[in-house]
Amino acid sequence: MNNFAYQQVGKVKGATAILREDKQAAFIAGGTTLLDLMKTNIEQHSQLVDINMLPFKGIEQTSDGLRIGALERMSDVGESKLVVEQYPAISESLLLAASPQLRNMASIGGNLLQRTRCGYFRDVAFPCNKRNPGSGCPAQKGDNHNLAILGVSDSCIANSNPGDLAVALIALDAVLTLENAKGKQRRVPLTNFYLLPGATPHKENVLEPGELIVAVTVPTAAHARRSTYLKVRERASYAYALASAAVGLDVQGGQIRSARVALGGVGAQPWRSPEAEKILTGAPATEATFRAAAAAALQGAQPREHNQYKVELAKNTLVRALLDLTAKA
């Protein structure tokens with residue numbers, strides 16, 4: 001790891017001004033992702049700006065819905081009574097992530113900014129278009145068993161954000177509040193926050209230089225209260241998803257009035273599926289409907305040699321999540 005400076009800030013403008021002036025600086029909150037990247041020289045920063053003193057806390061119900069401050073810790077949000085009762089998919093996605101030690105440190109904002117676990121990206125001995133644009137993507141013909149099958153390109157097939165929380169938030173129509181160096185805020189739906197790799201896989205999201213995630217807002221809805229998150233992985237704990245599904249349903253009299261579906265572990269970004277939602281909405285809540293929705297969700301899959309199994313795995317994961325959800329009282 002290279003030498004770097006460290007300073008703690010107490011005001012938003014002070015924090016964003018530092019990054020505006022020093023392009024090699026970076027924000028740090030929990031540090032559970034950033035420090036790993038620095039230790040392996042994937043990221044190199046001249047200074048770290050500790051933002052833990054900024055006023056980005058709180059877990060509350062507002063007129064816009066659930067509001068979560070970006071500096072709240074994963075464990076606190078996952079165990080919040082409000083989140084558990086009214087937004088269960090969010091709670092479940094958080095408590096299935098990482099380990100208790102990491103959840104106690106990692107911030108919500110940092111979790112949404114974590115980077116791919118692709119082995120070629122994480123090993124600087126290999127070329128990688130995410131690290132060095134134009135250098136190539138050895139994952140295309142290499143070990144790609146845990147990489148993406150939806151939204152991929154010839155430049156990159158990585159799961160850009162491999163986490164769980166973003167999948168649940170995207171399914172439930174979450175919106176991010178961002179703030180820049182001039183103190184100006186903007187709201188960005190999470191579905192528009194992440195970028196597909198295309199020919200520019202090094203551009204992963206729409207954050208501008210020095211911009212901060214302030215908060216996450218999730219609208220109140222019947223399908224948010226009746227939601228769940230299912231994760232399939234290679235071992236029982238502390239592992240990223242091979243496939244996951246966040247689903248929410250509003251079911252009345254056996255008919256689905258509204259549906260939300262997102263997949264994890266299989267997309268170049270946390271993958272919302274309007275195709276599956278269209279199949280589900282207005283249809284009976286039956287296994288046949290769920291299987292039709294799963295087929296629609298995976299219709300655009302582009303698997304490589306070693307991750308073809310993910311097509312059926314993702315379908316079955318989605319069907320299982322929907323069946324589990326409708327079986328709940």
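I started at helix 1 (residues 12-21), where Val 12, Ala 15, Thr 16, Ala 17, Ile 18 and Leu 19 are buried. Buried means under 20% relative accessible area, exposed over 50%, and partly exposed in between (1.4 Å probe, protein chains only). Helices (H or I, at least four residues) and strands (E, at least two) are DSSP runs, numbered from the N terminus.

I noted the source: this is a predicted model, where local features need pLDDT of at least 70, side-chain atom pairs count only at pLDDT 80 or more, and totals for chains, interfaces and linings use all residues. Residues are numbered from 1 along each chain as its sequence is written, and side-chain values use heavy atoms, with hydrogens and water left out.

Next I looked up what helix 1 packs against. Its buried residues meet strand 1 (5-8), strand 2 (26-28), strand 3 (47-50), strand 6 (175-179) and strand 8 (212-218). Contact here means heavy atoms within 4.5 Å.

I then turned to the whole protein chain. I read 14 helices and 12 strands. The radius of gyration is 19 Å, close to the 20 Å that the globule rule gives for 329 residues, so the chain is as compact as a globular protein of that length. That radius is taken over C-alpha atoms, and the rule is 2.2 Å times the number of residues to the power 0.38. The C-alpha trace spans about 60 × 50 × 35 Å along its principal axes. Of the 329 residues, 56% are buried. Among contacts with a separation of 6 or more, 63% link residues 24 or more positions apart.

Two strands pair if DSSP finds at least two bridges between them. Strand 9 and strand 10 (residues 243-252) run antiparallel and are joined by six bridges.

Last, I looked up Asn 132. I found this residue in the loop between helix 8 (119-122) and helix 9 (165-171). Asn 132 is partly exposed, with a relative accessible area of 41%. His 202 is 70 residues away along the chain, yet the two C-alpha atoms are separated by 7.7 Å.
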